[in-house]
Structure formats: C-alpha cells, structure tokens
Amino acid sequence: MKHLMSGNEAAARGAYEAGLKVGAAYPGTPSTEIFEELPKYKGELYCEWAPNEKVAAEVAYGASIAGVRSLTAMKHVGVNVAADPIFTAAYNGVGGGFVIVSGDDPSMHSSQNEQDNRYYARAAKLACVEPSDSQECKDFMKYAYDISEKFDVPVLFRMTTRVCHSKSLVEFGEREEHQPPEYKRNAAKFVSTPANAYRNHAKLEANLRLLEEYANTCPLNRVEMNGTKIGVVTASIAYQYAKEAFPEDTSFLKLGLTNPMPMELVKDFASKVDKLYVIEELEPFMEEQIKAAGIECVGKDLIGNMYELNPELVKSRVFGEQTEFRNVPVQAVPRPPALCPGCPHRGLFYVLSKKKDYVICGDIGCYTLGASAPLSAMDSCVCMGGGFSVAQGMSKAFEMMGDTKHKIFGVLGDSTFFHSGMTGAAEIIYNNGSVIPVVLDNSITGMTGQQDNPGSGETLMGDPAPVLRIEDILRAYGYENIFIVDPRDLAAVQKAVDDALASEAPAAIITRRPCLLLKKVKQEIGLCKVDTDKCRSCRSCLKVGCPAVFFKDGKATIDATLCIGCTVCAQVCPFDAIERV
Amino acid sequence: MSEVKSILLVGVGGQGTILVSKLLTAGLIKAGYDVKMSEVHGMAQRGGSVSTQVRFGEKVYSPIIGRGQADIMVAFEKMEAVRYAEFLKPGATAVINDYEIVPMSVATGAMDYPQGTIEAMKQEFNVISLNAGQIAQELGNPRCMNVVLFGAMVRALGMDHIDWEEVLRENLKPSILDINLKAFNAYK
C-alpha cells in the first residue's frame, strides 16, 4: 500500500527505517515537520527540540560519536548557526551515521534569504544528498546513513520547500536495527586538537576521493537515455520540472548525490549527447563544476539564479516557448500575512508604534509581523536572536553621534530568547548598554506551528519538562527591574515601557500571554461589537492592525467569525464605541 | 506525455483549503491515479494569500504548475481568483466563492477592495460562482463552506466515477459527517 506523504514525513520515515536512534532539531520552515513526525516511533528512537540549531547539531553529533545513527534538521539559515560543529564533524568523521537535513527555501516563502546550502557541502566537505520527491526522501535517507558510515563523513541531506511540503506516494519498508559496538574512547578521531585535525584533514580528503568514485556508480545517480540530441543534468525538484519542460526524447542524468560531483559520470553522459543543459534551482552549483571540468553546457544564462522554478518557467526560459495564459482586467490588492486576531503581540507593538523616536530592533518569528502596516513598529530584523544585539550596536552608534533622542528596544520571542537572544541580553549588561530588551513570551514557538521550547514545560517526546523562567535568567544577568505585563492590557504595557525607560538600574520587559493557537491552554474566547451610534468614524481602531476590524459604510465593523474578544481595539477607541459582549 | 490534470485551490490562510485537498487526494488515490500535491506552510498561513496545487494522472512529475497550466481553479475567496487567474489554462473552469475577506490594506483604508472580480473572470474563463458561505449557513454550519465548494468542484471537473461520498465517510469524523455530506451535495 502506498501512502501520500510530504517529503518531510517521508524523510522522517526514512530515518526511522534506517535505524535512527537519536535526533535533535530546532524548528524552521520548511524543515519542521520532520521532527514532528518522529515521536510516532517513541520507544524505538529518541528525539528532542534543542534551543537552537548549533546545539541540535552538537547533540546529534554526540550521539553519532557514541555510535548510533543520528539526525539533525533545520532550515537553510539554521545551518549558518550550526556551521561550527558541522565543519569540524567533517574532519573528525562519524561514529554512527550522521545526517544533517537542510531545508532550503527558494523564493523565500517563509525566510529572510534564499541561500543555496549545497555550497555548505563543498565548504565543509560533506556528502550532499538531494531527493526530488517523497519516495526519494525516504529511500535516500537510508543511503545517506550508509554513505555516512562507509565514507566516514556527515551527510548534508538537502531538501527544498517544494520537496519538503509537496506530497506524493510512498511505499514503506521495514526498520533496520543497527547495534553499534560497545563504546570505546577514540581521542585521535574525536578530540579535535590541532595535531589530530592535521591528520584528520588528510583522512577526510582521501575519503572524499573514494566517495567521488562511488558517486560515479552509485544508485542515487542515474542515467535515463531517451535520445542523443539533448541531455540534461539535474537534481532535486528541478528534475521534476525539467521532465515536463523538455521533449520526450531528452536524456537525463539525474543526480541524487551531488557532492562530490560524479564528474566521470557527467563526462560520459555529456559525450553521448549533442547539447548539454544543467537545470538546477538557485545557484550554478553543478554547472560551475561541470564547466570547470572542461565540459560545455548551458544553464544559468537561461534559467537564472533567483527564485524557485516550475515547469512553465523552465520551458519558456530554455526554449522561449510561452505557455498561453490570461490575465483579467481587475487587479487584486496585496494580502500579506498579519498578526492573528487576538494575537498577544499586538498590544506591545501598538504601544511602541505611538512614539516616533522609539527604535525597535526585531527578530525572526510571528512578531516580525509587527513591521507590517498599520503597526509599522520595527526598524530592523536580521536573524534569530539578533534583536537584542543589533539594538546594542544601534544604541552605541547613537551614543557616539550624541543622539539622546532615540530610545532603543530589542524585541524577540520566548523561543528566540532561548535560541540565541540570551547572549544578546548578556552583551547589553556586560557592555553597559541602554537598550530595553523585551521578550514577547507566548509560551511556544509560534510561527512554525507550536513547537515546545525550554520555556514551555514539555518535551518533543511529550514528557513534562522543567520550565526555564525568562525573568530568573534576566535577573541572574543583572537586570534589576523586570516588568512583566499582560500585553492585552494597553495601559499596563504603556506603564512598563515608561517605567523601563525611566529606570536607573538595567531594566527589561516581558509581555506574557500564551499564543491563541496553543491548544493546550484553554483561553476564554469572546466577541467585541461596535455600537454604530457611538462610532464617530475616527478610525483609531484600525491602527491596531487587527484582521477582524474594518470599515463598512463609514463605520467600524468587527468580523464576528474572526474576533476573539481581546479588546485591544476597544481600549484604543476614544468614544467607547466598542464593547466586549 | 500522458495527460495530467492540475487543480488549483486558492484562498486565505485559515479557510480550510487543507481539508479539501485531503479529501480530493484521497479520492484520486482510490481511483488509482498518481497524485502530487503542494501547499504552503509557515509565514504565509497567517491570514495571507494561500494556494494549494493538486495534480493527477498516470504519472505526475512536478508537484507545482506555472502560468496557463491549471485545468480548474477553486477560489475560496473571490479576489484570490483574480490573483491566481494567470495560472489557469485559457477558457478553463473557475469555481468561485462569492465571498469577501478584507485584507489589511483595505481595512485600513489604504486601498479599495476591487469591484467586479467575478465579472472579470467571466470574460476569460468558464465561471461557476456560488455563495458557499450562505449555503453552509443555511445548512446550519458556516464551517462546512469548504465542502460545499468541494462538491461544486468535483462536479465541474466531471469526476463522477469516484465515489466521493465514500471518501467523505472514510476521512471525516462521524460527528461532522452528516452535515458535510449535505454540504457536498448542496450545489448542483
């Protein structure tokens, strides 16, 4: 029987079948669901959410050193965070097979950039495996573990949004148990002193040469000969697009193991066709290497190196054949994502949006949406955990410029605080900063769909966990005045902001209310209504940026199917025209 | 290439397109087709514009389509029909819910909700428009609006060889089955 599965679900199934014992990850779109799937196999494997990707990679690598097959998964920018242990793990090599999933996001559906992480495989000297549908996600995962152990290298299992989140049919296999030998210390391999690293580097290079030989013959790389006129070298989801865009007599070299590149195989394939194309999403990772090997080919000049592809784009860019389509004479207005109705983050951003001299350094999470109009309450958002430290840099710059007018806030969430915001909070204290750190604590990792974190009281496997209290951590750092408020109470938020700014001693703010989508917390759902006789059409309520509040026939209106009765709009109405009913 | 059919579901995050694509793919798999489906997660789901693509046939390669490739569209919200119109084959069918969700730019008065969306779609496509929200309301549960649209779509696509009522029975909890069977058959 075949199962309709996303690539993420299939990759998890593949890891399970490959005998995975220990995994650790940090959630990030498009990779999150891999680890959400794994607790299904509780009893046969163990997995956890780590505070960030670096920690996750270290935990998984530790399990590999101990001898078991291990897994870590993260979005593409997470690999930037985890790069340190990953680069050295390549030199050391593995104990049990070690697989690192990178979820790349061409077109930035849910990301701040579209970096092509295959370059990490080259830079860190990892094997790179790229599946192109769900069945391959499952099957290639098993190969990835075999490759990792046979060639003593970590494997970068590179997926993209459309591989992660598209669903296709998958046939299951049985789980293979791998009983590792009894643990024995191997310091020369796993203690990366300069002397050991010196030797390990040579070992790694030798292993990569063997791996390249294997790549030329391995079942992950296959030739589909259909004719000699056109040949296409392709990998990942681009294979699916090329199969539809090119004529039926096109031959394909479909690569599943793309680092090291199987150059003998490419040469042989190229010699059998008149014209060679390289079809890959994002950067010319394969094309540049193929060209460097002296093989003539066409790729990025036609295809481009930005945004995701699809069959129609490949066809029009390669052959200039435009698929017929129609536009209609009416234009849709933009519909960007927004903070949910009743979102606890709204109160803080509304208060901060009122003062033009507030500088707000944001972070990655739902609260990035505080940057959207009409709240428009954000000056910067760079990366996970950067909110506090970027704010510190800005405040020091203002100090040097003699600017005392601007007040600087660093704003991030609870999960982000544990991820890498804590170091920024230490930075501000250590270097006598004037930033007010604000933690928007909604008790969960929200944007990626409700994953637990060190502050939420539960583990990925569903076991109870101690709750790390953000205020205790901040207090231990030296924040003497910590203002904890319910962000739904605008007057309280305003007072906390004013008090924090007035505080002589280091001060911080925590806004605390669980995410509304959090199923384990029962929240009282109500409804706000507009008294149209009292409404003077001043539009103050629209400034809170709630999707449930809009104007109809010149008066404020609240969509009863969306409103949950948080009363933030009612609190800003100068005429008391909105009431919770 | 053997014929592959492409279905495009568009709407606003939270409107229940996921359930429809689940029912749709379950029926297609039962009928023995190769099926691929693609949806978006994460940031875009927070009240933003969303699209789901379902493709089926003897052998399907790409899970997504480009412009001019969809055989049918189901728009859960009428402005979204216009946004994704270019993905439809010229003259293809569009099942459009005559239902309006106001985006933030319109709510704040910065922009106007476009008028004449359904009429504009009619100029280029075979449009079936229905007020699925009202139909669902009359049935007694506004939440089954998505299944009203689902029923309209499978009839428009001519997929009567699949026993969709059985698919509903196999995929829905007994407590919500009856109302959804009614919703499925509400628009003919």
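**Exercise 1. What radius of gyration would a compact globule with 581 residues have, and what value does chain A have?**

The model is predicted: local features need pLDDT of at least 70 and side-chain atom pairs count only at pLDDT 80 or more, while totals for chains, interfaces and linings use all residues. Residues are numbered from 1 along each chain as its sequence is written, chains are lettered from A and ligands numbered from 1 in the order in which they are written, and side-chain values use heavy atoms, with hydrogens and water left out.

Step 1. The radius is taken over C-alpha atoms, and the globule rule is 2.2 Å times the number of residues to the power 0.38.

Step 2. For 581 residues the rule gives a value near 25 Å; chain A has 27 Å, which agrees.

Step 3. Along the principal axes, the C-alpha atoms of chain A fill a box of roughly 80 × 65 × 55 Å.

**Exercise 2. State how the 188 residues of chain B are arranged and what share is buried.**

Step 1. Helices (H or I, at least four residues) and strands (E, at least two) are DSSP runs, numbered from the N terminus. Chain B has eight helices and six strands, in the order β-α-β-β-β-α-β-α-α-β-α-α-α-α from the N terminus on.

Step 2. Buried means under 20% relative accessible area, exposed over 50% and partly exposed in between, with a 1.4 Å probe and protein chains only. Buried residues account for 61% of chain B.

Step 3. A contact means heavy atoms within 4.5 Å. Of the contacts in chain B between residues at least 6 apart in sequence, 64% join residues at least 24 apart.

Step 4. The globule value for 188 residues is near 16 Å, and chain B agrees with 16 Å.

**Exercise 3. Determine which residues of helix α5 of chain B are buried and where they point.**

Step 1. Helix α5 covers residues 132-139, and its buried residues are B:Ala132, B:Gly133, B:Ile135 and B:Ala136.

Step 2. Viewed down the axis of α5(B), these residues fall within an arc of 165 degrees, so they line one face of the helix. The arc is that of the directions from the helix axis to the C-beta atoms. In general, an α-helix has 3.6 residues a turn, so residues three or four places apart point the same way.

Step 3. The buried residues of α5(B) pack against β5 (88-97), β6 (126-130) and α6 (145-156) of chain B.

Step 4. On the other side of α5(B), B:Gln137 and B:Glu138 are exposed.

Step 5. Just after α5(B), B:Gly140 adopts a positive phi of about 110 degrees.
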